[in-house]
Amino acid sequence: MPFDAQGRLVAGVGSTGRPDTGKRQRHLEGTMNLTLWIVAAVLAAVLLVSTSKMFVPREKLASVGGAAAQWVLDFSPGALRAIGTLEILGAAGLILPAVLDIAPLLVPVTASCVALLFVGAVIMRRRRGEKATIVPDLVDLAMAVFVAWGRFCPESFTG
């Protein structure tokens with residue numbers, strides 16, 4: 001393996017004649033970072049779209065949303081506003097800390113909290129027997145867990 005005058009391994013071509021794996025590792029890290037950004041953005045968009053429960057009366061949501069939206073009738077208007085507030089905070093917490101570079105550790109913490117929000121949604125759907133409408137909540141839960149894992153471990157903003 002080639003070394004420089006200080007005894008450090010020289011990047012580039014290794015002793016096998018193949019390109020060094022450092023370049024490949026940086027490419028994989030960049031791909032992972034991009035994937036985490038995309039998943040966080042999609043999850044934030046999902047959270048923002050679902051905040052309509054804060055502004056639209058629950059009876060109207062139930063009539064417009066069909067069978068998938070009947071769950072809103074089980075909650076008080078105050079509870080729906082609280083859920084909507086958590087969704088807005090979740091959407092902001094998934095993106096803004098990293099973009100503004102202010103406490104980026106809040107991104108995986110927020111993703112963990114969003115995962116808990118979707119665990120609650122899955123439990124509620126399961127109790128109501130809504131097997132068809134539980135799938136999107138499971139997908140959202142998986143995305144939140146992926147962002148939390150990815151930002152806590154392999155692609156943290158602080159590491």
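Colleague: What pattern does the protein follow, read along the sequence?
Modeller: The pattern is α-α-α-α-α. There are 5 helices and 0 strands, taken as DSSP runs numbered from the N terminus (helices H or I, at least four residues; strands E, at least two). This is a predicted model, where local features need pLDDT of at least 70, side-chain atom pairs count only at pLDDT 80 or more, and totals for chains, interfaces and linings use all residues. Residues are numbered from 1 along each chain as its sequence is written, and side-chain values use heavy atoms, without hydrogens and water.

Colleague: How many residues are in the protein, and what percentage count as buried?
Modeller: The protein has 159 residues, and 30% count as buried, meaning under 20% relative accessible area with a 1.4 Å probe, protein chains only.

Colleague: Switching to H3. Where does H3 bend?
Modeller: At Gly93, by about 35°. That is the angle between axes fitted to the seven residues ending there and the seven starting there. Pro97 follows within four residues. Both Gly93 and Pro97 are among the buried residues of H3.

Colleague: And what span should H3 have, end to end?
Modeller: At 1.5 Å a residue, its 24 residues should span 34 Å, the expected span being 1.5 Å times one less than the number of residues. The end C-alpha atoms of H3 are 33 Å apart, which agrees.

Colleague: What follows H3?
Modeller: Asp101, with a positive phi near 55°.

Notes
Buried means under 20% relative accessible area, exposed over 50%, partly exposed in between (1.4 Å probe, protein chains only).
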